[in-house]
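User: I am new to this model and would like to understand how its parts meet. Please take me through the interface step by step.

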Amino acid sequence: MTLAEKRPLAVAIMGPTASGKTAAALAIAERIPSEIISVDSALVYRGMDVGTAKPTRAELAAAPHHLIDIIDPLDAYSVAQFRNDTLRLVADITARGKLPLLVGGTMLYFKGLADGLDDLPGADPTVRAELEEEAAQAGWPALHARLATLDPVTAARLNPNDAQRIGRALEIIRLSGKPMSALLALREKEELPFELMSFALEPNDRAVLHERIARRFDIMLADDALIDEVEVLRRRGDLHPGLPSMRCVGYRQVWEYLDGHIGYQAMRETGIIATRQLAKRQLTWLRSMPERIVIDCLAPDATGQILARLAPLRG
């Protein structure tokens, strides 16, 4: 497939955290005129650079980037917003004669883009209040366990403390009488206005990925960089741990540390564990995408394998 064909091509570089997605995308951009669209629910926030492993200034300058630093941590960014923004950006990038690279690990964004927006029941304040009251008494892990019996497919993809998504999944069941996964399966897939070639950077040895995750988290903590960043955010006075931005892995643990609820070592350990759990959920999502082209992210020629598949675009 080439950019000259009727339906333009976009390339997705997916994978768990610390799998080398940014490096692979930049290597591709060096050889093929490209622009990068971030597919990351944390990189959208301004002022959250260290804990999100945001691309450096040099990396951002190496190729045009989109959907990074677009909203304040006090605000929210939905799958619908991402899909609309991405459809517009892909059209703009291809009109400029460049290759859109969709790079990130927020699998819900990828799924929303590929499958279209859902027709799930709207939010119900009464039901949500009931669920929050139940969570206040039993804890969100207990509600996650309940969800696992009612909708195991959805529960398998969620962290037991992901209050927002667990609450939404249980709310849908109460309102519709059906699990969210079943309703999504009935959804009519919307055809994209472009071809999407999806590469998944997945490790053949998860232990090595775990080592990478620990090493990267320690780099974030070096010289108190992440702690200082969270302190700046806390001093604003309008942010709190319940916000989607502050529930991002790393930020939640450092916030608890600064509140005095856990010590430094516990903060480090829980941060690494939470990141590994995130990677596990990302890999679960990837396994549900049979159309993906799997590349071993630990292979020395991982980027070369992707470029070989894109060889017809080089010129």
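User: What is the area buried between domain 1 and domain 2?

Analyst: This is a predicted model, in which local features need pLDDT of at least 70, side-chain atom pairs count only at pLDDT 80 or more, and totals for chains, interfaces and linings use all residues. Residues are numbered from 1 along each chain as its sequence is written, and side-chain values use heavy atoms, with hydrogens and water left out. An automatic or database domain assignment gives domain 1 (9-118 + 189-313) and domain 2 (125-186). Buried area is the accessible area (1.4 Å probe) that two parts lose on being put together, summed over both; carbon and sulfur atoms give 50% of it here, and the total is about 820 Å².

User: Which residues of domain 1 lose the most area to domain 2?

Analyst: Three residues together account for 49% of what the domain 1 side buries. They are Arg247, Arg281 and Trp285.

User: How many salt bridges are there between domain 1 and domain 2?

Analyst: A salt bridge requires a side-chain nitrogen of Lys or Arg within 4 Å of a carboxyl oxygen of Asp or Glu. Between domain 1 and domain 2, the count is zero.

User: Which helix supplies the largest share of the side of domain 1 that touches domain 2?

Analyst: Helices are DSSP runs (H or I, at least four residues), numbered from the N terminus. Both α4 (107-115) and α13 (264-287) supply at least two residues of this side. The largest share, four residues, comes from α13.
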